[in-house]
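Reader: Hi! Could you walk me through this structure, one piece at a time?
Author: Happy to, let's look at it together.

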Amino acid sequence: MWSGVLKWARGKSPWICHLNCGSCNGCDIEIVAALMPRFDLERFGVLLEGSPRHADLLLATGPVTRQIKDRVVRVYEQMAEPKFVVCVGTCGISGSPYYPGYNVLGGVDAAIPVDMYVPGCPARPDAISYGVLKLLAALDPQARRLVERIEATRDTAGLIYTPEEMAQQRDHLEEAGH
Amino acid sequence: MAVTASELVERIQAEYDGELTEAEATSEVDAWVGVPPEDVRGMARFIIDTWAPVYLSTITGVDTGRQIEVLYHFVTGGLALNVRAAVDKGVDEIDSITPLVPAAVLYEREVAEMLGVEMIGHPDPRRLVLPEDWPEGDYPLRRDERPTDREDEEDNG
Amino acid sequence: MAKLSFPVGPQHPALKEPENLRFSVDGELVVDADIRLGYVHRSIERSCSERNYVQDLYLCERVCGICSNAHTLAYCMAVEKLTEVEVPVRAQYIRMIVHEFERIHSHLLWLGVSGYEVGFESLLMYVWRDREIIQDILEMVSGNRGHYAMTTLGGVRYDITPEMEARIREGLQILRERAEYYADICTTEATFLKRVRDVGTISGDRCRELGAAGPTLRASGISFDIRTEFPYLQYDQVDWQVYTSELCDVLGRTLVRVQEVVEACDISLQALDQMPDGEIQARFPRRVPEGEATARVEAQRGELIYYVRSDGSDVPVRVKIRTPTLANLPAAMEMVTGGYVADIPIAFMSIDPCFSCTDRMVVLDDVGSGESRTMTWPELVRLGRQQ
């Protein structure tokens, strides 16, 4: 019974924590913009939380720099299970355009596992909201219905990538010789 | 009465009693003067005394091959006064101007760690931006062959 | 009572300057503040000298997500100085308009976040709602909400059409009214005043000595603005004035920024009136002649300076970037020192150190001695709000 309550609570009110791994600030502002009155991510029960220990969802932005890598891992380890990571922004996906600088290690997944990729430079607040919502869809039937409705009425191609889709994309790129 | 950059240069040539390696006005607002590295503090003193208030925009380090040029970008009364001091590689040290110009404190630390020019007399010669595990003696903005370039990239993923 | 020292950061979203702050406190008073940079050091300066001039444009844009246009502008101005390319007048006006738009969005962002830091959350919500107006305008003009890629070598990439112009005017009118309303709030709202007046004070002379820039300097009574010191673009063609404040505290910095939003609206409106027709981009050579040049612009946070040296090839030898936050840091350290712990967030925020993204967290640090304890930024903010 408890697990049912927990799952319900998690789906209804996920707490998110924001972590900058070396980003330029563009995406970080768009995350804030997503939480503000216009896009209002909070209508899905999302609450921005300062401490990773209380958070279910980590919004990570930017390429992972050499100095912050240990901190990123430590922040991730401090989060309680089950935890999800949304990687926001193009540089969080591949490290580009900073890669291969001497202090840049690559994307967020160079340090911690990622559950959802939101591309864009900077990522748009609506795409960030959609990425978070899509993760919630696995937990909450209401969010799932919403996602289904969005996907039925709008073209969502390329707005977000799941890890499988991202792996496919990377294979394509590798075949193309990049 | 607007002073032009060339008047600024003329005044330095006339009143500064140390050696000048260059003195030129490249535009109406840009003046460039060069001094030997050991005279940097004297030049800074001269500039502060002559044109106070003087504003230090930043300090740039440039690797030109055999030398490392340290450029001090001052602003005074709508004019940009740039002071150049070329440090030979191998010598790698220059007097800190922080005791005279407190604004230089972070810029000098940046030049020191990025190009390996030791700032003599700097009150706080710690690293500024490079990671703690960055190897000693490896300066990212030097253009020589660098031993640690890209080698450890693989195992970090 | 034993002295405590605690770190704040390093997780902190910034341009090139993320910070790990270490404060020593004696009771409630901060006696020392120290800073460790480098968490968001992305090796941009070196990468710049490994890529060609056009690629560098995109890299420089991504130094900072908030003042990205100021970075491309300064970079282009430096390279244009080297190549002696004359930028068409219309392009200069468009550059100026986008430059001011960016100032509006950045100052509004700052105002909202500083409201949040003192526990005035309605201000945050209101300001960020209004900020969407300028974000929409920027998106309409450039096609993106951030990293507009408007400024390019030799001109600008997109023109402002008459239809756009109408919508811009409409939006700016609203913003101007709102900015005046916020100026009113900031000077009359007692709860806000209690938290910002005489907090984070620093004298003008000390500011100048420490090399502070932008609104931080102007709020201490020193009228120093690159737009008047080294007039660039068409700033000498429009009628505007530099705002200063003698208050030397956080309130002063708030007022200067809010007034600059009003002023930025006026500059943009005038520029729209005066803008001549014509080309928006000049032909740009692939190679840049040998030489060196500096370019300064007044970014939102203060003076931004670029130094570019070329050896005649298509790759620069050196691109040096000095962002305004770096210049303001020594001053910020002084502002915090001697104040209360609860005033740290707002005093430090008042230089607009790209501390913009809601929450920072503390990673327990291993350097602390036996008596050191850590405090999370949220705890600190909570403390700040109780004050």
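Author: What follows is a chat about some parts of this predicted model.

Reader: Let's start with chain A. In what order do the strands of its open sheet come?
Author: The order is E2-E1-E3-E4-E5, and the pairing in this five-stranded sheet of chain A is parallel. Strands E2 (47-48) and E5 (116-118) of chain A stand at the edges with a single partner strand each, so one side of each has no neighbour in the sheet.

Reader: And how many bridges join E1 to E3 there?
Author: Five bridges link E1 (residues 15-20) and E3 (residues 57-61) of chain A, and the two run parallel. If you want a pair to look for, Leu19(A) is opposite Ala60(A) in E3(A).

Reader: Which strands does helix H5 of chain A lie across?
Author: Helix H5 (residues 125-137) of chain A lies across E3, E4 (84-88) and E5 of that chain, and the helix runs at about 170 degrees to E5(A).

Reader: Someone mentioned cis peptide bonds. Which residues does a cis peptide bond join in chain A?
Author: One joins Glu81(A) and Pro82(A), with omega at about -10 degrees. You'll find Pro82(A) in the loop between helix H3 (69-78) and E4 of chain A. Another cis bond goes from Cys121(A) to Pro122(A), where omega is near -5 degrees. Pro122(A) sits in the loop between E5 and H5 of chain A.

Reader: Nice. New topic: how many helices and strands are there in chain B?
Author: Chain B has three helices and seven strands. Along the sequence they follow the pattern α-β-β-α-β-β-β-β-α-β. Its C-alpha atoms fill a box of roughly 60 × 30 × 25 Å along the principal axes.

Reader: What is the mean pLDDT of chain B?
Author: The mean is 83, with 90% of the residues of chain B reaching 70 or more. Residues 149-157 of chain B are another matter, as pLDDT stays under 50 there. Where pLDDT is low, the predicted coordinates should not be read in detail.

Reader: Good to know! What is phi of Asp92(B)?
Author: Phi is near 55 degrees for Asp92(B), a positive value in a residue that isn't glycine. Asp92(B) is placed in the loop between strands E5 (79-88) and E6 (93-95) of chain B.

Reader: On to chain C. At what angle do helices H4 and H5 cross?
Author: The axes of H4 (residues 89-117) and H5 (residues 121-142) of chain C cross at roughly 160 degrees and come within 8 Å. H4(C) and H5(C) are therefore roughly antiparallel. Their crossing is left-handed. Residues in the contact include Phe101(C) and Leu108(C) from H4(C), and Trp128(C) and Ile134(C) from H5(C). Sorted by class, this contact has 16 nonpolar, four polar and three charged residues.

Reader: What about H3 and H4, how far apart are their axes?
Author: The axes of H3 (residues 68-83) and H4 of chain C are 9 Å apart, and the helices pack at an angle of about 145 degrees. This crossing of H3(C) and H4(C) is left-handed. Asn69(C), Ala70(C) and Leu73(C) of H3(C) make the contact with Arg95(C), Val98(C), His99(C) and Glu102(C) of H4(C).

Reader: Last one: how many residues lie between E3 and E4 in the chain C hairpin?
Author: Two residues lie between E3(C) and E4(C), and Gly27(C) in the turn has a positive phi of about 65 degrees. Seven bridges join the antiparallel strands E3 (residues 20-26) and E4 (residues 29-36) of chain C.

Terms used:
Residues are numbered from 1 along each chain as its sequence is written. Chains are lettered from A and ligands numbered from 1 in the order in which they are written. This is a predicted model: local features need pLDDT of at least 70, side-chain atom pairs count only at pLDDT 80 or more; totals for chains, interfaces and linings use all residues. Axes are lines fitted to C-alpha atoms, for helices over the stretch in contact, and angles run from 0 to 180 degrees between N-to-C directions. Helices (H or I, at least four residues) and strands (E, at least two) are DSSP runs, numbered from the N terminus. Angles under 35 degrees count as roughly parallel, over 145 as roughly antiparallel, 65 to 115 as roughly perpendicular and the rest as oblique. A crossing is left-handed if the near helix is turned anticlockwise from the far one by less than a right angle, and right-handed if clockwise. Two residues are in contact if their C-beta atoms, placed from the backbone, lie within 7 Å. Ala, Val, Leu, Ile, Met, Phe, Trp, Tyr, Cys and Pro count as nonpolar, Asp, Glu, Lys and Arg as charged, and the others, Gly among them, as polar. Two strands pair if DSSP finds at least two bridges between them. pLDDT is the predictor's confidence in each residue, from 0 to 100.
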